[in-house]
Amino acid sequence: MQSWGLAAFVFFAALMGSPLAAKADFRVCNATQQLVGVAIGYRGEAGWVTEGWWTIEGSSCKTLLEGPLAARYYYLYAEDAERGGRWDGPIQMCVAENQFKIAGVTDCFARGFQRAGFQEHDTGQQSSWMVQLTDAPSNPATPALPAQSP
């Protein structure tokens, strides 16, 4: 596991020194060797939205939201497509089996969707953010919720 920490540090250092670092967006990097499926949740102008699935190959990155981030809090859920591990959290939001964009986070089952626990990411109102998925999916402690929680 220590080698992943070093690899992640080298990757971040290289990214910060590259021209890509100036681009504003929400990116997810998959530092595992497995294929990962990712969903994101956020509060848009019309309310809560969840979107997915992005598939991210091992040792690669993908941009989920392009442009400067409009919110402070974003929520992420990911599944290891090969081994079944999860990167999840305590914030319940709606997901679907196939590609989706869902408005609202309540009554998931009644509307024909599933529920998943998303992990909160406080961007501190940065214009861009990157999440690194490592070999050890973790379940963080319950985060502080934004004023208008899902």
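Mentor: Contact here means heavy atoms within 4.5 Å. Among the contacts in the chain with a separation of 6 or more, 70% are between residues 24 or more positions apart.

A few ground rules. This is a predicted model, with residues numbered from 1 along each chain as its sequence is written. Local features need pLDDT of at least 70, side-chain atom pairs count only at pLDDT 80 or more, totals for chains, interfaces and linings use all residues, and side-chain values use heavy atoms, with hydrogens and water left out.

Start with the layout. The chain has one helix and ten strands. Both kinds of element are DSSP runs, numbered from the N terminus: helices are H or I with at least four residues, strands are E with at least two. The chain has 150 residues, and 41% of them count as buried. Buried means under 20% relative accessible area, exposed means over 50%, and partly exposed lies in between (1.4 Å probe, protein chains only).

Now the core itself. A nonpolar core is a set of buried Ala, Val, Leu, Ile, Met, Phe, Trp, Tyr and Cys residues joined through side-chain atoms within 4.5 Å. The largest one has 19 residues. Within this core, Phe 26, Val 28, Val 38 and Ile 40 touch the most other members. Six strands each supply at least two residues: β1 (25-30), β2, β3 (47-56), β4, β5 (73-80) and β10 (129-133). The largest share is from β2, with four residues.

Take Val 28 as the close-up. Set aside its neighbours within four places in sequence. Val 28 is then in contact with Val 38, Ile 56, Ser 60, Cys 61, Lys 62, Leu 64, Leu 76, Val 131 and Leu 133. There is also a second, separate core. That one has 16 residues, among them Ala 39, Ala 96, Val 105 and Cys 108. As background, nonpolar side chains tend to be buried together in soluble globular proteins.

Next, the cysteines. The structure holds two disulfides, each a pair of cysteine sulfur atoms within 2.5 Å. One joins Cys 29 to Cys 61, with 2.0 Å from S to S. The torsion about that S-S bond is about 105°, so this disulfide is right-handed. Cys 29 sits in strand β1 and Cys 61 in strand β4, so the pair ties together parts that are 32 residues apart in sequence.

Cys 94 belongs to strand β7 (residues 91-95), and Cys 108 to the loop between β8 (100-103) and β9 (114-122), so the pair ties together parts that are 14 residues apart in sequence. Cys 94 and Cys 108 are both buried. Cys 108 is also a member of the second core. Count the bonded cysteines along the chain and the pattern reads 1-2, 3-4.

Gln 132 is in β10. Gln 132 is partly exposed, at a relative accessible area of 21%. Gln 132 and Arg 27 are 105 residues apart in sequence, yet their C-alpha atoms are 8.7 Å apart in space.

Finish with the backbone. Most residues other than glycine have a negative phi, and most peptide bonds are trans. The peptide bond from Gly 52 to Trp 53 is cis, with omega near -10°. Trp 53 lies in strand β3. Ser 59 is not a glycine, but its phi is positive, near 55°. Ser 59 is in the loop between β3 and β4. Gln 125 has a positive phi too, about 65°. Gln 125 sits in the loop between β9 and β10. Gln 125 is exposed, with a relative accessible area of 63%.
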